[in-house]
Structures are given as structure tokens and as C-alpha cells.
Amino acid sequence: MNLDYTTWWERIEPEARATLAGVLIPIGTPGYAGERKAQWRALLDERFGDDGWRIDHYVRGRIVSFGEAIAEYEQCYRIFLRNHPEIVEWLTTWCGNVYDDRRENVYEDDYFQPQTQQNHYQDIAVRRVIAELVEDPTWPTIVDTPVEDCELIDLTDGSTHQLPRACGMRGAYLLQIRSPESPGFFLSPAVVPVYDPALITVHPHIDGWWLHEGCQHLSVESFWQMSKVIVVRYDRFLALGERRRSPLAGLTVEET
């Protein structure tokens, strides 16, 4: 059999070749996508097919699914808020909802967000944790609120918006949780620390805004960005041929 490293996988038995489609391998740690989310998806879809790749996460020595990793992200907020009742009290007394990059974030409570320009998780985590506290008898001051739209004043600019009230938040303000300039920076994922040191990872070649704010490499945002791993079907990786040494060419890490 005439084989070489560039085409061997095309010349072996069909059954052996078919098995490779079920093998997933990590090909790089990409870091932060942000507004380049759609660009990343288009590039990777073109290179590996829309069924040939996904972003997983490295958590406690294993590469795990998005669902398992985002549960750790939410747990960081759960532990942080439960350890800071003064923040919970202020948030639930004075705010009616929270958002990240767009006020429309208040309508989205699913972490899986293929349709958004960029992902937003911190506002969802805060809403979920506060809703849990409503049902917790050890937090008697956090009470249920009517399911209703109401006028909320955005603390970023004083504008008023008719938006849904989050469960347990009885105030009149809309709080943006984002950059150091945002009123809700104290709930930024760069400020909220990981609850378990085993979630902390580092990468000598990745830098980004999350390493220059809050508690930096100890934060939930750092966990999220530094743990990302792109995994692909091995047959699609082999099809790259000479491009196998740079399978993520075109995906650049966030500049600070």
C-alpha cells in the first residue's frame, strides 16, 4: 500500500476512516472572541464544517462540555453573592434588572446564545442566583416580585426604559454589569473570583482585558476565557493537509 502522511487517512479501509469522524481532538486555546464571535464561527465552519468543531473547556484536568463549564461559572456567582449579603441587599432593593452589553439582554435567560452578537453570562447568572434566594427561607428579605414590565432608569445615562422586572429585584434602576465605567462593575466577571482554586488556569501566550481588571487571573472571567479549547473531528483536521500546524490561523487573541 502506497501511503504518506498527507493522504494516509484517505487510503485506509472505509470502516477505519469512518471511525475517525467520531474522534475529537483539541487544536488550540483561542481566548476571547467578543464582537468577533460571528467571524470565528464563519471561519471555523468553513474550515471544519458546522458539525466538525465546538468550543469545550478545560476544567479540573478534563476537557468538558459547555454545559458543565457554565455551571461552574454560575456557581462562582452563587458563592460570591451568598458571601456578600450587602451586595444582594443593595441589588434587590434598588435595582429592577441587570444587563451586559445591550439592554435587550434582560430578555435572554439561556446561556446558549448562538444568535447574539457576543455572549453575555454575568447578567443571567445574577438573575438566576437572586431568583434562587427568593425561594430560600434563610434570606427572608429577598422576596418575590410581580412578573411585569416596568419603567427602569438606566444608571449609565439616566434614560428610562420599559423592561421586565427580574425575580426578586424590586428597585427602579437598571444596572449595567460590564467595564470599570459601568455602574455594576462590582458584579463584573473580572471582579467575581472563582470559588475553587482548581479552576484557575494560565496561558503564557494569551493576554486580555480580564487579566487587567478586578482580581485578574483569579476571576470567573479568566476561568472562562483561559479554559476554552477548540476541539474538532479528527477527519476534518487531517483534511487540512499542510495547514495542520496552524489550524486556528485567522483567530487572533484579544489585544489589551
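I took buried to mean under 20% relative accessible area, exposed over 50% and partly exposed in between, with a 1.4 Å probe and protein chains only. The structure is a predicted model, in which local features need pLDDT of at least 70 and side-chain atom pairs count only at pLDDT 80 or more, while totals for chains, interfaces and linings use all residues. Residues are numbered from 1 along each chain as its sequence is written, and side-chain values use heavy atoms, with hydrogens and water left out.

**Entry 1. Overall layout**

I noted eight helices and eight strands in the protein; helices (H or I, at least four residues) and strands (E, at least two) are DSSP runs numbered from the N terminus. Along the principal axes, the C-alpha atoms fill a box of roughly 75 × 35 × 35 Å. Of the 256 residues, 48% are buried. I then looked up contacts, meaning heavy atoms within 4.5 Å. Among contacts with a separation of 6 or more, 67% come from residues 24 or more positions apart.

**Entry 2. Helix α5**

Which residues of helix α5 (residues 85-94) are buried? They are I87, V88, L91 and T92. Seen down the axis of α5, these residues fall within an arc of 115°, so they line one face of the helix; the arc is that of the directions from the helix axis to the C-beta atoms. Their cover includes α4, β4, α6 and β7 (173-176).

I examined L91 of this helix in detail. L91 has a relative accessible area of 0% and is therefore buried. Leaving aside residues up to four places away in sequence, L91 touches V98, V126, I130, M169, L175 and L187.

**Entry 3. V134 in helix α6**

I next looked up V134, which lies in helix α6. V134 counts as buried at 14% relative accessibility. Beyond residues up to four places away in sequence, V134 touches I142, V143, D144, C167 and G168. T145 is 11 residues from V134 along the chain, and their C-alpha atoms are 9.1 Å apart.

**Entry 4. Aromatic residues**

I recorded 13 aromatic pairs. Rings of Phe, Tyr and Trp (its six-membered ring) pair if their centres lie within 6.5 Å; planes under 30 degrees apart count as stacked, over 60 as edge-to-face and the rest as tilted. The ring centres of Y121 and W224 are 5.3 Å apart and the planes stand at 75°, so this pair is edge-to-face. Y121 lies in the loop between β4 (95-99) and α6 (122-134) and W224 in helix α7, so the pair ties together parts 103 residues apart in sequence. Both residues, Y121 and W224, are buried. One aromatic cluster is formed by F66, Y73, Y77, Y111, Y121, F223 and W224.

**Entry 5. The largest pocket**

How much space lies in the largest pocket? I noted about 820 Å³. On a 1 Å grid over the protein atoms alone, a pocket is an open set of points where a 1.4 Å probe fits, with protein on both sides within 12 Å along at least five of seven lines; lining residues have an atom within 4 Å of a point. Of the 35 lining residues, K37, N119, Y121, W224 and K228 lie nearest the centre. At least two lining residues come from each of α3 (37-48), β2 (53-59), α4 (66-82) and α7 (220-226). Helix α3 gives the most, with five residues.

How values were computed. Grid points are joined across faces, edges and corners, and a volume is the space filled by probe spheres set on the points.
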